[in-house]
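Work through these exercises with the structure open beside you. Try each task before reading its solution.

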Amino acid sequence: MATGLAAATARRRLLHLPRHRWAYLSSSAATTEGLDGGDGSGGGRVKIFDRDLKRRHRDRAAWAMGETDALADAVADNLLDRLEDCRKAFPSALCLGGSAGAVRRSLRGRGGIEKLIMMDMSADMVRKWREMENATDDGLETHFVVGDEEYLPIKESSQDTVISCLGLHWTNDLPGAMIQCRLALKPDGLFLAAILGGETLKELRIACTIAQMEREGGISPRMSPLAQVRDAGNLLTRAGFTLPGVDVDRYTVKYNSALELVEHLRAMGETNALFQRNPILKKDTALATAAIYQSMFGLEDGTVPATFQVIYMTGWKEHPSQQKAKRRGSATVSFSDLQKQFGSNQN
Amino acid sequence: MRRTAASLLRHSGIGGGGGGGIPQALADALVCPLSKKPLRYCEDSGSLVSDAVGVSFPIVDGIPCLVPKDGKLLDHDQDKSEDCGAEDSYHRH
């Protein structure tokens, strides 16, 4: 429970940080962990993100996004690398929202996937993927579904792997969504997810705060809370995955200006969808933010860097063949006896 | 090549397959998002019906929409008389 409390505190602190109408990325990990931790029932009673708005964001992203996206492709490629680390093949796969298009592009026969189901909340996004799919011809059987990660419409024990690339951080009930993913997996199935971490867009956070202080004499929350790395392991364990693995990667993307960064966030469908967001962003505050961003973080070549911290999570569904620790108290030999036996030989 | 042709057929809604408007392989993996119970394909309305909660989910352009908000609550009487009850469709065919 101590971690739950810590997460709740972390979240409260984050909520008081600035958020923008144009800002953006979020993750509910810390959030739901802390708020729902008390009763363990999850159930999405706490609504932090406006899922309907997010759906519209993704509709917009469907036409705003380009053929390729360097950031999404890099993350998807890194995520799928993990499939090559497994000796097992994964004939049936489920790919959830976020950058599933990038996952599809980067798949290139990895993991022995034969049947892929691609799911997103936005019908426009799914249609866009289908258009892209028709252009590729690598013999992979692909199906498309419009569905919500919070209400996963996938049969129990039907998938060999569930992949989510940069999508789960927008769910209100992240542990719940991950539990549903685990249920959809066959025993010894693999769960792979990439979510954005708390370091993401820290430059924009700072620039937003200063600009708002300066122009409006106060700050309003502009950016969503994001998961911290320490939460990710807890999340995997809480969702019941075995052999959990977490690792972090940091990407720095250079933009010509802060406004271009915002355009990119829109194209990725990563703009702010908090319920408590301030719907008004004054023009001069926005321009001041861009100017502050440029002066504080601008590089010598005139570009501005933006940090994206990505947390990769790996977990397996339970299976008798997996190694696991023995039950606590099941030892039959005491450590002092071991020391007597082997320690004396050394002396 | 053959697979592409099959998928084109599927997308245009001609191929069909055992699951009705959607390919059988996909129909096998889908359940009701709310109750996680099986879905039934209704030919009359071209939608997927979850009998457990009495909700029908549309299939738009060959893509099933299983977001709870997109679902339509089925009226109970209507369900029996016209909204593709299992017995009804049996009689009709």
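The exercises below go from whole chains to single residues.

This is a predicted model, in which local features need pLDDT of at least 70, side-chain atom pairs count only at pLDDT 80 or more, and totals for chains, interfaces and linings use all residues. Residues are numbered from 1 along each chain as its sequence is written, while chains are lettered from A and ligands numbered from 1 in the order in which they are written.

**Exercise 1. The two chains**

Task: Describe the secondary structure, burial and contacts of chain A and of chain B.

Solution. 
- Step 1. Start with the elements. Helices (H or I, at least four residues) and strands (E, at least two) are DSSP runs, numbered from the N terminus. Chain A has twelve helices and seven strands. Chain B has four helices and five strands.
- Step 2. Read chain B along its sequence. The pattern is α-α-β-β-β-β-β-α-α.
- Step 3. Turn to burial. A residue is buried if 20 or more other C-beta atoms lie within 10 Å of its own, exposed if 12 or fewer, and partly exposed in between, with C-beta atoms placed from the backbone. In chain A, 48% of the 347 residues are buried. In chain B, 31% of the 93 residues are buried.
- Step 4. Look at contacts. Two residues are in contact if their C-beta atoms, placed from the backbone, lie within 7 Å. Take contacts in chain A with a separation of 6 or more: 83% of them join residues 24 or more positions apart. For chain B, among contacts between residues at least 6 apart, 26% join residues at least 24 apart.

**Exercise 2. Where the chains meet**

Task: Which elements of chain B give two or more residues to the side that touches chain A?

Solution. 
- Step 1. Size the contact. It takes 23 residues from chain A and 21 residues from chain B.
- Step 2. Name the elements. They are helix H1 (2–11), helix H2 (24–29) and strand S4 (63–64) of chain B.
- Step 3. Sort the residues on the side of chain B. There are 16 nonpolar, two polar and three charged. Here Ala, Val, Leu, Ile, Met, Phe, Trp, Tyr, Cys and Pro count as nonpolar, Asp, Glu, Lys and Arg as charged, and the others, Gly among them, as polar.

**Exercise 3. A helix pair**

Task: How do H8(A) and H11(A) pack?

Solution. 
- Step 1. Find the helices. H8 spans residues 202–216 of chain A, and H11 spans residues 283–297 of chain A.
- Step 2. Take the geometry. The angle is about 130°, and the axes are 8 Å apart. Axes are lines fitted to C-alpha atoms, for helices over the stretch in contact, and angles run from 0 to 180 degrees between N-to-C directions.
- Step 3. Classify the angle. Under 35 degrees is roughly parallel, over 145 roughly antiparallel, 65 to 115 roughly perpendicular, and the rest oblique. H8(A) and H11(A) are therefore oblique to each other.
- Step 4. Check the residues. Those of H8(A) include Leu204(A), Ile210(A) and Ala211(A), which belong to a contact with residues of H11(A), among them Ala288(A), Ile292(A) and Tyr293(A). The residues of this contact divide into eleven nonpolar, three polar and five charged.

**Exercise 4. Val304(A)**

Task: Is Val304(A) buried or exposed?

Solution. 
- Step 1. Locate Val304(A). It belongs to strand S7 (residues 304–316) of chain A.
- Step 2. Count. Val304(A) has 24 other C-beta atoms within 10 Å, so it is buried.
- Step 3. List partners. Not counting residues up to four places away in sequence, Val304(A) touches residues including Tyr255(A), Leu261(A), Tyr293(A) and Phe297(A).

**Exercise 5. Ser158(A)**

Task: Which residues does Ser158(A) contact, leaving aside its neighbours within four places in sequence?

Solution. 
- Step 1. Locate Ser158(A). It lies in the loop between strand S3 (141–146) and strand S4 (159–165) of chain A.
- Step 2. Count. Ser158(A) has 18 other C-beta atoms within 10 Å, so it is partly exposed.
- Step 3. Name the contacts. They are Ser92(A), Ala184(A), Lys186(A) and Ala29(B).
- Step 4. Check one distance. The C-alpha atoms of Ser158(A) and Ala184(A) are separated by 5.8 Å, and the two residues are 26 apart along the chain.

**Exercise 6. Positive phi**

Task: Where is Leu201(A) found, and what is the place of Lys36(B)?

Solution. 
- Step 1. Leu201(A) sits in the loop between strand S5 (185–196) and H8 of chain A. Its phi is positive, about 55°, although Leu201(A) is not a glycine.
- Step 2. Lys36(B) sits in the loop between H2 and strand S1 (40–42) of chain B. Its phi is positive, about 60°, and Lys36(B) is not a glycine either.
- Step 3. Leu201(A) is buried, with 24 other C-beta atoms within 10 Å, whereas Lys36(B) is partly exposed, with 18.
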